[in-house]
Amino acid sequence: MKKIKFIIVILIFDFIISNIILKNLPYWNIIEWEKKYWRIPSEVYHHGILPNIDKYEKWGGQLTKRIITNSIGFIDKKNRTVLKNNLEKKRILLIGDSFIEGSGLNYKDTLAGLLDTHLGNNYEILNSAVGSYSPSIYFKKTEYFIDQGYSFDQAIIFLDVSDIFDELFIKFNKDGNILTYEERKNRGKLKTNFYAFGRFLRDNTVTFRFLNLLSDKTEISKNYIKLKLKTAKNLNKNFFETNRDDVMFYRMTHIDRGFWTFNDKKFSEIKDGLQQSEKYLEKLFNLLERNNISSTLVVYPWPTQIIYGDNYHEKYWKNFSQSRNINFLSMYDHFKSDDNKKFVLDNFLYGDIHWNKKGTQIIFENVIKNIEF
């Protein structure tokens with residue numbers, strides 16, 4: 001009993017000191033733990049970003065990116081008001097997921113930023129993309145803004161390999177809107193309160209803050225060792241001879257959500273997602289056509305497809321586009337090399353599937369070359 005009382009006294013003392021003194025020191029702020037309040041649920045299209053925010057957020061454990069949005073919550077170069085109609089410039093709407101949002105990149109280095117720099121005198125670039133979007137969200141979000149009275153002249157839809165997998169988890173309510181994560185999850189009050197209390201202790205006492213930091217660092221080291229073991233086994237190399245490039249390359253090319261394009265078993269598991277993707281892409285292109293918005297569907301490979309090939313994704317959406325007279329652009333031929341490992345390491349974020357600046361430049365150059373503006 002005395003021990004419990006002692007611990008309670010220590011925690012109360014810790015809480016007071018932390019809140020009066022330590023929280024005012026620069027070291028207290030840990031960007032990884034900051035609640036990303038600007039990333040919000042949507043009652044119509046699942047999730048989005050708050051309008052007119054300007055924040056830095058940690059991305060991928062190593063990178064820090066600046067995220068800026070305009071008045072309608074689209075990623076932009078500055079906070080600004082987007083009018084429902086632009087009488088001075090034509091509008092290009094970018095539709096996609098984290099690749100087009102610009103994972104790990106600041107605005108000027110994203111596809112939207114490059115297009116803005118190149119076409120900005122005559123076109124207004126509006127980037128509706130947000131991480132973890134997929135075809136049903138593409139449709140519902142575009143429909144929402146058109147219904148709100150916003151006009152667009154052209155739309156470019158970037159269909160990611162992971163979109164088909166993500167569609168498996170999209171559910172709709174009786175009004176036809178997409179259920180948010182909060183609406184779908186079924187976490188009991190006891191578990192919810194437990195996690196909330198844990199975050200409270202972490203954010204208000206130096207003791208639990210230290211324990212969480214120690215836990216995070218331990219988890220990172222443990223995960224790296226596990227990944228290195230898998231890499232060594234895959235390469236049939238000695239664990240100690242397996243270097244960091246080997247491990248990061250293995251990580252970039254062995255993400256399960258990318259296997260369905262060349263693995264028949266994985267393909268059979270995502271067929272429902274493929275059907276739902278086709279259904280909502282068709283709805284999207286019909287919506288664009290009814291509103292006289294020209295459109296192009298773009299597909300591109302992950303590092304996984306560059307190394308292991310693609311029997312389904314590119315071919316499937318090419319046939320889909322041809323049968324519906326939709327403009328189609330594949331980036332697959334532009335992501336090939338005599339040395340695919342070097343190409344992947346050179347054009348994608350290290351240890352990740354998203355384009356780096358060089359990879360984004362490849363996409364930009366081929367969009368400019370192959371799409372009529």
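Helix H11 (residues 271-290) lies across strand E5 (90-95), E7 and E8, and runs at about 170 degrees to E7. Helix H13 (residues 313-323) also packs on the sheet, touching E7, E8 and E9, and its direction makes about 160 degrees with that of E8. Here, touching is a matter of contact, meaning heavy atoms within 4.5 Å. The angles run from 0 to 180 degrees between N-to-C directions, with axes fitted to C-alpha atoms, for helices over the stretch in contact. Helices (H or I, at least four residues) and strands (E, at least two) are DSSP runs, numbered from the N terminus.

This is a predicted model, in which local features need pLDDT of at least 70 and side-chain atom pairs count only at pLDDT 80 or more, while totals for chains, interfaces and linings use all residues. Residues are numbered from 1 along each chain as its sequence is written, and side-chain values use heavy atoms, with hydrogens and water left out.

Now for the sheet itself. It is an open sheet of 5 strands in the order E6-E5-E7-E8-E9, with parallel pairing. At its edges sit strand E6 (123-127) and strand E9 (327-330), each pairing on one side only. From one strand to the next, the twist averages 20 degrees. Two strands count as paired if DSSP finds at least two bridges between them; strand E7 (residues 154-159) and strand E8 (residues 294-299) pair in the parallel sense over 6 bridges. Within this pairing, Ile157 stands opposite Leu297 in E8.

Gln305 has its place in helix H12 (residues 303-308). With a relative accessible area of 4%, Gln305 is buried (buried means under 20%, exposed over 50% and partly exposed in between, using a 1.4 Å probe and protein chains only). Its side chain joins that of Thr261 through a polar contact of 2.8 Å, a term for a pair of N or O atoms within 3.5 Å where, within protein, one must be able to donate a hydrogen and the other to accept it, and residues adjacent in sequence count only if both atoms are side-chain atoms. Leaving aside neighbours within four places in sequence, Gln305 is in contact with residues including Val161, Phe262 and Tyr332.

Then come the rings. Tyr45, Phe74, Tyr144, Phe145 and Tyr150 are linked into a cluster by ring pairs, which need centres within 6.5 Å for Phe, Tyr and Trp (its six-membered ring), with planes under 30 degrees apart called stacked, over 60 edge-to-face and the rest tilted. Phe145 is buried at 6% relative accessibility, and Tyr150 is buried at 15%.
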